[in-house]
Every structure is written in C-alpha cells, then in structure tokens.
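Here is a short report on one model. It covers a record annotation, a sheet and a chain contact.

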Amino acid sequence: MRPISRAVLRSYVCPTCRHGISAGRRRFGSKSDSPDLYDVVCVGGGPAGLGLLAALRASPITSKLKVALIESQDLRKAKAWDLEPNQFSNRVSSLTPSTVSFLRSIGAYDQLDVNRVQEYQDMQVWDGQTGSRISFDWSMETSPFEEMRTVATMTENANLVRALLRRIADSGDENLSLFSNSTVASIENGSDLKPEGPDLSAWPIVTVKPTGPAAETETPKRIAARLLVGADGINSPVRSFADIPTQGWDYGRHGIVASLALAEPATQPFPASKRTAYQRFLPALGGPIALLPLPNNHATLVWSTTPENAAYLKSLPTPAFLAMVNAAFRLDMTDLTYMMGMQSSSSSDSTHSHQDELNWRVQHTPLPSQIPPPATAVQTGTVASFPLRFRHAAQYISPRIALVGDAAHVIHPLAGQGLNLGLADVASLSKTIQYAVSHGMDVGDLLTLERYSSERYLPNAKIGGACDLLHKMYNVPGEGPITWARSVGLGVVDRLPFVKSFLMKNAEGY
Amino acid sequence: MASLRPRTLPLSVRALRSTLRSSRPSPNYLFSAPASTPSTQTHPARAHSTSSVSADELSHFSSLASSWWDPMGHSRILHLMNPLRHEFIASCLAEGTPSPNPTSTAATLNYLDVGCGGGIFAESLARTIPLDPTGPAPTPTLAASMTAIDPSTDLIQMAREHARMDPTVDTHLRTGRFKYLNTTLEDVLAGNAGAPTPASTPTNSSSTSTQLTPPQYDIVTLFEVLEHIDPKTSTPLSFLTNCLRALKPGGWLIGSTISRTLPSFILNQVIAEAPWPIGVVPRGTHEWSKFVNPDEVKGWLQEGLMRAADTGVSRGGGAIAEGMRWKCVGAIYIPGIGWKMVPGSEDWGNYFWAVRKEI
C-alpha cells in the first residue's frame with residue numbers, strides 16, 4: 001500500500017496543526033498548475049484498457065464520465081491496421097462465448113472484421129505420453145439438429161483492438177481524451193488546493209509525457225484521476241505507484257507462436273462449418289503444443305517448451321520448423337526428443353533431414369484419429385517467442401486505484417484464458433462503475449472498488465491455479481503415478497458427460 | 001453504526017470521547033448548538049428546547065467522528081446500506097414527484113437530510129446533482145440541491161472536510177447547491193437555520209406553525225434517526241410533524257429505522273453490539289427501547305399529516321390521514337453478501353418507510 005495520505009490522517013490532526021500544514025503547501029501555487037480532472041484514467045491501450053473505455057462509453061449511465069486513456073503506441077496506426085486476407089498476425093487470442101457476449105453488449109463485436117475471425121466447435125486435447133484423450137465439444141448438450149455450439153472464437157488481437165478503437169470513436173469525442181504516443185512520466189498524490197479548490201491530496205496525479213517527435217514541442221500534461229485504472233501489463237507502473245506486491249514465478253518455459261497455413265483436411269468436417277482446435281501435451285519437451293484454427297485453413301501455433309528448445313526451433317529454417325511442428329502432433333516422446341537434438345545447419349542437405357526423419361518415423365508410429373492436417377507453410381516473420389510467467393497481484397484495488405488484466409494477473413497460456421480473464425475484469429469493473437454512478441458513490445472509493453475485486457479475485461485465482469496445476473501435471477515425463485493419474489483423470493472426465501459439461505461451462509464462464 | 005474490525009477505538013478517539021463526556025453540554029445548549037463556520041454567527045443558547053436529539057446520543061456519535069468515513073470502520077454497515085437508500089428513494093419517486101411534469105428527468109428536487117451525521121447519504125446524493133443545473137439528472141433521484149443538517153458540530157465539521165475531497169461535491173458546496181448546516185430541524189423550519197434568533201418563549205410544535213416559512217423541500221430524508229430521538233425533550237410524533245412541515249405538497253418524507261421486536265433485539269442488541277469479533281456495531285449505538293415499529297411510524301405520520309396541514313384545525317385532516325400514501329419495506333444485512341431489501345421483513349429489524357404529502 002502506498003503511504004497513508006494526509007487526507008486520511010486529517011481527522012487525527014488537530015485543527016491548528018492542520019492549518020499549519022496546509023498553509024505551507026501552496027504558497028507558490030496558482031490556478032494554472034491545478035491538474036485537469038478526470039473520472040476514469042486508464043493507463044494502457046491494450047484490449048483490456050480499450051475494452052474498459054468502450055464499455056464505459058457504451059453505457060448510458062457512464063457515457064457522461066470524463067475519461068482518458070494513455071498508451072505508448074500509436075493508436076491511429078492501430079485503428080488503421082490492415083493485413084492481406086491470407087496474412088495473419090501472430091498475436092491471436094481465443095474468446096470464450098461469455099467474452100463474445102460482453103463484446104456484443106458494448107457494441108464492439110460488430111466492429112470486428114468477421115472474415116478474420118474463426119469460431120471453433122470442437123477441441124481435441126490429448127496426452128503425448130499416454131495417448132489418453134478428451135474431446136471438448138457441445139455435442140452432448142445439443143441435439144443433432146441444432147447448430148453446433150461454439151467452444152471459442154479466434155481473433156487476432158489487432159483486429160480486436162481496432163474494433164474497440166472504432167467503437168470508442170463512434171461514441172464521439174466529448175469527455176474523452178486519448179493520449180496516444182504518450183507515456184506515464186510520473187504518478188504522485190495531489191495536493192490540497194485550499195482555499196480556492198478541492199482537496200486533491202488523496203487523488204493520483206498522472207504526468208503524461210508525449211513520446212516520438214511530439215516530445216520536443218508538447219509539454220507534459222498533468223491529469224488527476226478519480227479512479228486510476230492500471231491496464232498497463234505485467235510491469236504495471238500503476239501497480240508500483242499503489243505499492244501493491246505481486247506473487248508468482250517464471251515457468252522456465254517459452255511460448256513459441258507462428259501463423260501457419262494447413263493442408264486441406266483429409267476428410268471434410270461434418271457439418272462443413274465445424275472447426276477443431278488441437279492441443280497435445282508433450283511432457284518430455286516441457287509443455288503442450290496447440291494449433292488453433294484461423295480462416296481459410298490457416299492456424300495459429302502456440303507451443304510451450306523449454307527456452308533451449310524454443311531457441312532451437314526458432315533457429316531452424318522454415319521446412320525444418322514445419323517438420324518439427326507436424327512431428328510434435330504425431331511422433332512419440334522418444335522420437336521427438338531425438339529430433340529436437342538434430343544438427344541443424346543452413347545447408348540444404350540438413351534442412352530436409354527433419355522432414356525425412358519425420359517421414360521415416362511416422363511410418364512406424366500408430367497415429368490417433370484426432371491429429372490436425374499437416375502445416376504446409378509458415379508466414380514470414382511470424383515465428384516469435386515469449387517467456388511464460390505466473391503472477392497474481394496481492395490485491396486489485398487501493399484507494400482510487402484498480403488493476404485489470406495482466407497488471408493484476410498473468411497466467412500460463414495453455415487454456416487460452418489470459419485475455420478472457422482481462423476482459424472479464426473489465427466487464428466487472430465497468431458494471432461496478434455503473435452501479436456507483438447510479439447510486440451516488442464515488443467511483444474511486446474503496447467501498448465502490450471492493451465490489452469489483454470481490455467479484456474477480458477468486459475466479460482469476462481459480463483459473464490461474466488450474467492452468468498452473470495442468471502445466472505441472474503435464475510436465476511429469478515417463479511412466480509414474482502422476483502420468484497414470486492424469487490419463488485416468490482425462491479418461492474418466494471424457495466418459496462422464498455431466499462432469500465434462502460442468503468443466504466446459506466453467507471454462508466458458510468468466 | 002457498525003464495524004467489521006475490533007471495536008477498540010484508537011487512543012485519540014477515546015481521549016476525544018472522554019473530553020466530550022466530561023464537558024457534556026446540556027440538552028438545551030446542544031439543541032441550538034451554534035454552527036462553527038465563520039459565515040455563521042454564534043448566539044447564546046436559547047432558553048427553550050425543541051430539540052429532538054439527546055445529549056448522550058450526540059456525544060456518542062461525535063466520539064465516532066474520526067472513523068466515520070473509514071470504509072472498514074464502525075460505519076461500514078451504514079456505508080454498505082447507502083445504495084439501498086438511493087434505490088428506495090427512486091422507487092418512491094417512480095410513484096410520483098412534486099414537480100409539475102412527472103415524467104421530466106430534469107434535476108429539480110430539493111432535498112433536506114435531517115440528522116446527516118458524517119454525511120454518508122448527503123454527500124452521495126450531492127454527487128448526483130448535475131454540475132450544469134439545466135442538464136438532465138444522472139440518476140432517478142433527480143436532485144437539484146441538498147441541505148444536510150446535524151446537531152453535532154464535530155460531525156458537520158468532519159462532513160465538510162470530507163466533502164472537499166471530491167471536486168464535484170466541493171463545487172456544489174461552493175455554489176450552495178449542497179449545504180451542511182450545524183443546526184436543528186426546528187431552526188430550519190423557523191427559517192433561521194444556522195442564523196441567530198432572539199430568544200423566544202417556549203413553543204410547542206403545533207403552535208409554531210404560524211411563524212413558519214413556507215415549506216421548501218421536495219424530499220426530506222431521515223435515515224437511521226428516529227431510533228435516536230430523546231424521549232425527554234421530544235417525541236417522534238412532534239419530530240415527524242416538523243419533518244412533514246418542511247415538505248412541499250406532493251413531496252416525500254423518507255426514512256429508515258429499526259423495529260422493536262424480539263428478532264431485532266437479538267440481532268441489534270445481542271449480536272450486533274456483542275464484543276468483537278461477533279459484533280459489528282459499537283456498544284451503546286442503539287437503545288432497544290427507542291426502536292420504533294412500522295405501525296407506530298405509520299400512526300405518527302397520520303397524526304403528523306393532520307397536524308402539518310397548516311390550517312391548525314385537526315378536523316379537516318381526517319381525509320388526509322386516510323388517503324395517506326405509505327410505503328414500507330424491510331432490509332436485511334447478510335454477512336458476505338450485503339444489504340438486501342426483503343419485503344415483509346419489516347419486523348425483523350431494519351426497514352425503510354416513506355410517506356407522501358398529498359398535493
């Protein structure tokens with residue numbers, strides 16, 4: 001917690017002393033240095049920050065609030081983002097149905113480019129060690145005559161960010177300030193503007209500094225926030241200001257992402273619109289590999305593995321990389337471990353050796369029925385990696401402070417829940433702000449914000465913990481009690497429809 | 001009125017409390033306690049008393065002033081109840097407003113909050129007054145102004161200090177659309193709120209009507225006040241009659257209080273004021289014998305409406321009492337969930353009530 005502000009102490013200080021304190025403070029003060037007042041200031045213009053702004057602008061109760069957003073990137077560029085129809089950004093997220101319905105409710109979903117969005121109705125998850133498998137689809141819940149229900153919807157983050165920016169632009173620019181290309185230079189507590197102004201000593205004042213070419217000409221702006229929202233990522237400056245500690249650890253794993261083109265499936269899906277996501281746990285290589293569908297037979301890859309394996313995979317030439325991806329969905333652990341150690345050089349001879357190795361080994365491997373079609377091409381420049389971490393802030397709120405998204409929690413990506421948790425935070429916080437405004441509450445007051453944190457803290461901890469547990473269970477290689485338990489566990493879950501449907505409903509909900 | 005943490009008060013508060021106890025003023029003085037702002041002139045204590053607030057109550061609540069706004073302090077339960085007050089008022093206004101155009105969403109209603117304490121309700125309502133007086137009201141409570149009064153100088157001072165921490169509320173304080181007055185209802189009615197008046201002969205509430213200024217308020221609120229009336233100096237009847245006098249025709253008198261039944265005794269006296277960690281309310285906050293039941297409130301209001309009908313003749317008021325628009329709904333605090341309105345639970349403890357002064 002940040003130090004107790006003078007405002008809180010005020011009632012304990014006798015009136016004479018109080019007068020002495022405040023008299024010395026603003027002797028040189030003038031009206032010109034009093035900051036601009038905002039109801040909600042959001043630091044960070046990612047999906048969570050923009051989602052909050054769009055939600056506030058969309059509700060008739062909160063649309064009159066004076067709001068600001070500070071983002072270091074160029075938001076105009078993000079709004080004009082465009083790619084060729086068959087090119088896909090490598091930053092892709094899966095949206096659960098409840099996230100989609102939140103986005104619909106704030107009018108942002110309609111602004112998505114639907115041609116770049118892919119729903120999937122089936123998810124195949126299996127264990128590379130034991131072969132035990134679970135299939136997530138809604139077939140046991142819906143009749144065969146209904147359309148298949150969506151498990152999740154894949155979208156590029158850039159598509160989502162652009163949609164949210166368009167939604168915000170549609171709401172007009174009244175009471176709205178977007179500080180694009182700007183960073184937070186400092187956050188400090190305000191001062192008592194006695195006698196001509198209010199007491200801002202418990203209000204955070206953000207100094208916004210333009211970056212890039214504007215840095216020379218424009219002077220930093222000071223804005224005061226009734227509620228300062230940290231949507232500013234894992235190293236949140238807002239969280240540091242509020243002095244909120246985080247707990248967590250690094251997984252010692254990297255996630256490799258890439259945009260891939262897939263071969264035509266051997267058998268056409270039935271019904272024709274049905275799409276499938278694939279995830280195979282590879283205990284010997286440090287984590288699961290997942291292939292999530294994008295439009296026109298494209299897919300996005302997320303492969304969690306050790307940093308050494310990640311470095312190796314990134315160093316491979318494209319055909320060898322593709323061979324490794326295809327091998328990871330097909331070969332057994334021993335074969336994969338061997339291929340992960342194969343000499344790779346840029347000579348044409350060795351680039352083919354990965355594919356040859358796969359071709360040879362796959363003949364001797366019994367293949368399960370649920371494997372994805374082979375990947376045929378990698379989009380240039382999309383192979384990248386990022387470290388996997390677990391973080392959870394000790395609390396989400398402090399007086400006049402709320403944390404959302406990665407600033408509050410970072411989880412293992414194996415269930416694709418990170419963005420969904422962030423947007424669920426935003427849905428809850430915007431609802432909390434609506435409740436406060438309609439009941440005369442101060443939106444920055446702890447009594448307001450505790451409604452948000454009590455709604456979100458436990459669900460986030462639960463899902464983050466579940467992902468952590470899955471990661472740890474599927475990192476036990478070989479034949480042992482845990483390996484046996486997880487295969488029995490998956491098998492049992494897959495065979496008990498009510499347990500599975502309970503799990504899916506949980507995954508679907510916030 | 002309640003806290004979820006140990007009720008051991010900080011030393012400074014204990015010291016304050018003992019100071020207050022040792023120099024406890026007489027009820028007469030307290031009733032007309034001079035406001036402490038420079039803008040208000042002080043005046044000597046008046047000889048008569050029409051105050052409804054007892055000295056014990058006053059010192060008890062003054063001693064709690066310092067943690068009134070602590071979200072985890074002894075007033076936490078009151079803070080949590082506050083949104084329900086807004087909802088109850090909105091439900092009353094949905095049945096009719098004193099404004100000529102009933103469907104208007106303009107902020108036109110003038111509020112008087114009697115016994116505002118540290119300003120939990122008054123400040124929250126002041127926050128809903130639009131900064132632009134011609135603009136639409138942001139909430140269904142349609143507030144255009146708020147006058148909040150309390151006989152405790154400490155509490156009013158603390159309420160003013162707290163209100164300054166919100167620029168919107170601070171602006172309303174400066175423009176006068178939001179006022180904290182260290183005064184009593186009787187002084188407000190006499191048109192001399194906070195201002196000095198020459199000592200006058202003792203009057204009782206029914207004979208003062210000829211001296212009163214015309215009623216000014218569309219809504220008079222009385223949250224958690226009725227159960228703190230001093231039976232020695234006032235009665236709920238005369239107090240409620242005065243509240244009704246402050247209302248414009250068509251206006252609402254809205255309050256909340258606690259009923260005097262066995263369940264409420266167990267809840268409010270045995271459990272709520274039990275030693276920590278069970279209790280959530282400081283010991284001595286409530287006196288069960290002062291609690292009032294819904295039918296009592298209703299009876300007093302019927303009588304009060306007749307008395308407040310300014311003819312001074314109670315005969316003509318019979319029709320008023322019969323056609324009285326009366327609302328009552330219970331509210332229950334469930335630990336871990338919060339306050340919920342539960343119709344029919346009026347006799348268990350806390351309840352909201354409202355009455356409309358007919359046009």
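Which residues does UniProt list for "binding site"? The unreviewed entry lists Glu224(B), Glu227(B) and His228(B). UniProt positions follow the numbering used here, feature names are shortened, and annotations may be inferred rather than shown by experiment.

This is a predicted model: local features need pLDDT of at least 70, side-chain atom pairs count only at pLDDT 80 or more, and totals for chains, interfaces and linings use all residues. Residues are numbered from 1 along each chain as its sequence is written, and chains are lettered from A and ligands numbered from 1 in the order in which they are written.

Two of the listed residues compare as follows. Helices (H or I, at least four residues) and strands (E, at least two) are DSSP runs, numbered from the N terminus.

Chain A has an open sheet of three strands, ordered 3-7-4, with antiparallel pairing. Strands pair if DSSP finds at least two bridges between them. Strand 3 (92-95) and strand 4 (118-120) of chain A are at the edges; each has a single partner strand, so one side of each lacks a neighbour in the sheet. Three bridges join strand 4 of chain A to strand 7 (residues 152-156) of chain A. Tyr120(A) stands opposite Ala152(A) in strand 7 of chain A.

The contact takes 17 residues from chain A and 19 residues from chain B. Contact means C-beta atoms, placed from the backbone, within 7 Å. Helix 13 (418-438) and helix 14 (446-473) of chain A each supply at least two residues of the chain A side.

How values were computed. Contact = placed C-beta atoms within 7 Å.
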